[in-house]
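I set out to record a sheet, a residue in one of its strands, and a surface patch. The entries follow the order in which I looked them up.

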Amino acid sequence: MTHPRYVHDETIHSCTDPEIIVPVLVDLLRPQSVVDVGCGIGTFLAAFKRQGILDVLGIDGEWVQQRQVLSNLEPNEFLPHDLESPIKLSRTFSLALCLEVVEHLSPQSAKTI
């Protein structure tokens with residue numbers, strides 16, 4: 001199932017940008033854990049893992065292709081969730097990302113995200 005507003009695939013979610021941006025974030029912020037809301041196929045989190053940050057969680061809709069997600073994340077590192085609905089997690093993270101997500105959501109979900 002694909003989401004009507006966005007298609008997740010390797011051509012859009014390449015590892016080029018994460019490999020440039022993530023080392024800078026790790027150097028500046030020294031996160032111990034990272035959550036990525038709207039993680040797509042998990043390329044940013046995969047880059048964090050390559051930088052030694054092993055406590056990661058990606059959250060995105062059920063429309064994300066599991067095969068693509070699992071090429072970057074372990075099953076326990078991905079939470080399928082409708083990003084237009086509130087997310088309730090039982091823990092916190094030292095860094096939260098939400099990159100290039102909100103433009104794909106309805107205007108009514110602005111307060112939620």
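I took helices and strands as DSSP runs, a strand needing at least two residues. The model is predicted.

Entry 1, the sheet. I traced four strands that form an open sheet in the order β3-β2-β1-β4, with parallel pairing. β3 (78-80) and β4 (95-97) stand at the edges with a single partner strand each, so one side of each has no neighbour in the sheet. On average, neighbouring strands of this sheet are turned by 15 degrees against each other, direction ignored. I then looked up the pairing of β2 with β3, which is parallel and runs over three bridges.

Entry 2, Asp 60. I located Asp 60 in strand β2, residues 55-60. Opposite Asp 60 stands Pro 80 in β3.

I next asked which backbone atoms the side chain of Asp 60 reaches. The side chain of Asp 60 comes to 2.7 Å from the backbone nitrogen of Gly 40. A polar atom of that side chain also lies 3.4 Å from the backbone nitrogen of Cys 39.

I noted a nonpolar surface patch formed by Val 24, Leu 28 and Leu 29, whose accessible area together is about 310 Å². Leu 29 belongs to helix α1, residues 16-29.

Notes
Residues are numbered from 1 along each chain as its sequence is written. This is a predicted model: local features need pLDDT of at least 70, side-chain atom pairs count only at pLDDT 80 or more; totals for chains, interfaces and linings use all residues. Side-chain values use heavy atoms; hydrogens and water are left out. A polar contact is a pair of N or O atoms within 3.5 Å; within protein, one must be able to donate a hydrogen and the other to accept it, and residues adjacent in sequence count only if both atoms are side-chain atoms. Patches are made of residues with over 30% relative accessible area and no salt bridge: like charges are joined within 9 Å, nonpolar side chains (Val, Leu, Ile, Met, Phe, Trp, Tyr) within 5 Å. Accessible areas come from the Shrake-Rupley method with a 1.4 Å probe; for residues, only the protein chains shown count as cover. A salt bridge is a side-chain nitrogen of Lys or Arg within 4 Å of a carboxyl oxygen of Asp or Glu. Two strands pair if DSSP finds at least two bridges between them. Axes are lines fitted to C-alpha atoms, for helices over the stretch in contact, and angles run from 0 to 180 degrees between N-to-C directions.
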